Amino acid sequence: MERKNRIVVFGGTGYIGKHLVKASLSLGHPTFVYTRPLTSQTPPSKIQLCKDFTSMGVTLLQGELEHEQILAVVKEVDIVICALPFPQAMEQLKIIEAIKVAGNIKRFIPTGFGSEEEKIKALPPFQAVLDEKRKIREKIEAAGIPYTSINANCFAAYFINYLLRPHQKLKDIVVYGTGEAKVVLNYEEDVAMYIVKAANDPRTCNRVVSCRPLKNIITQNKLISLWHQKSGQTFTNTFVSEEQIVKLSQTLPFPENIPVSIIHSVFVRGDLTSFDIGEDDLEASLLYPDYNYTSIDEVLDIFLVHPPLPASTSFG
Ligand code: NAP
């Protein structure tokens, strides 16, 4: 029987990292998590998560983002998935260097599972994030490392929490721009499954994979009306104009100017759907048609029964 690829997740204790670890385990991969050393200062929730991982069969590896320590880990596995938050994007240079030295890695998945950096031009704070993502890809290519770049678009639970705030039973909902831009909302569990599948797929080597399943394309106005139908709640929509959002991106300090610039790109300009996915492009739901992804409609049903708590995360 063919040996399953061994996968390490950097940032595996994080928001999307947890889903990646579960996806890797559920697809039968020996799974490793590289985490910063646990100390007396480590929050109890992270200690518990690490215990849960261990009982699920995950090998927990503790260390800093330092060359020798990363190299030792990389030598033990076949696939490296990085789910570090975007402020740590350039730390990936150390992972790239270790992968280059080790020479055994079959696939590297860099972090930054959001927009397609080659296809959009964003306001300066978000553009700087996209430029870093591009720089990392160039470094990976220059090092000759097999990689897959994943554009997961919006994480659905995160953005639905952000837009509709189901916990707060809001009467006022903020609509960005006209609310008519088409966005893509993909459920986190599915994003993680697509990433792990793509990491093992010869078709996706040195390619970009976009996650744009048809049932997950929606406007903000339509999302609000669907939520109204399902929850029975009524809302007043407060529209925030493009000018106001641009102004905020210019006046808010770093790093608060980044999320507002992402909102401009995604919800005002509709950048996630402003380009076609051509026949030669790779789209996750077409690559893996047997995988039954969760539609936005189904995500809202999940929210109706068990609204997930708003999570702290760094979207980008
Ligand atoms: P996160 O939860 O903020 O952090 C992930 C992990 O990284 C943490 O659990 C931590 O692991 C490690 N980490 C955090 N700060 C660190 C530091 N200063 N130095 C070293 N390690 C550190 O990350 P996330 O929100 O899941 O983001 C991961 C990726 O997903 C990013 O690229 C982000 O842009 C993207 N994202 C996309 C969307 C979207 O809608 N498209 C939404 C959210 C996030 P340990 O403590 O175990 O070391």
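Reply: First, a term: two strands pair if DSSP finds at least two bridges between them. Strands (E, at least two residues) and helices (H or I, at least four) are DSSP runs, numbered from the N terminus. By that rule, strand β9 (residues 182-186) and β11 pair in the antiparallel sense over three bridges.

Me: What am I looking at, and how is it numbered?

Reply: This is a predicted model: local features need pLDDT of at least 70, side-chain atom pairs count only at pLDDT 80 or more, and totals for chains, interfaces and linings use all residues. Residues are numbered from 1 along each chain as its sequence is written, and side-chain values use heavy atoms, with hydrogens and water left out.

Me: At what angle do α8 and α12 pack?

Reply: About 45°, with the axes of α8 and helix α12 (residues 296-305) 10 Å apart. The two are therefore oblique to each other. For the cut-offs: under 35 degrees is roughly parallel, over 145 roughly antiparallel, 65 to 115 roughly perpendicular, and the rest oblique. The crossing of α8 and α12 is right-handed. That label applies if the near helix is turned clockwise from the far one by less than a right angle; anticlockwise is left-handed.

Me: Which residues of α8 and α12 make the contact?

Reply: From α8, Leu223, Leu226, Trp227, Lys230 and Ser231. From α12, Ile296, Asp297, Leu300, Asp301, Phe303 and Leu304. Contact means heavy atoms within 4.5 Å. By class, the residues are seven nonpolar, one polar and three charged. Ala, Val, Leu, Ile, Met, Phe, Trp, Tyr, Cys and Pro count as nonpolar, Asp, Glu, Lys and Arg as charged, and the others, Gly among them, as polar.

Me: Other helix pair, please. How do α3 and α4 pack?

Reply: Helix α3 (residues 67-74) and helix α4 (residues 92-102) pack at about 55°, with axes 9 Å apart. They are therefore oblique too. Their contact includes Ile70 and Leu71 of α3, and Ile95 and Ile99 of α4. It has eight nonpolar, one polar and two charged residues.

Me: Switching to the five-strand sheet. What order does it have?

Reply: β3-β2-β1-β4-β5, open, with parallel pairing. β3 (59-62) and β5 (107-109) stand at the edges, each with one partner strand, so one side of each lacks a neighbour in the sheet. Strand β1 (residues 7-10) and strand β2 (residues 31-35) pair over four bridges. Val8 has Phe32 as its bridge partner in β2.

Me: Which residues does UniProt list for the NmrA-like domain?

Reply: Residues 4-298, in an unreviewed entry. UniProt positions follow the numbering used here, feature names are shortened, and annotations may be inferred rather than shown by experiment. In the model, that span is 42% helix and 17% strand.

Methods. Axes are lines fitted to C-alpha atoms, for helices over the stretch in contact, and angles run from 0 to 180 degrees between N-to-C directions.
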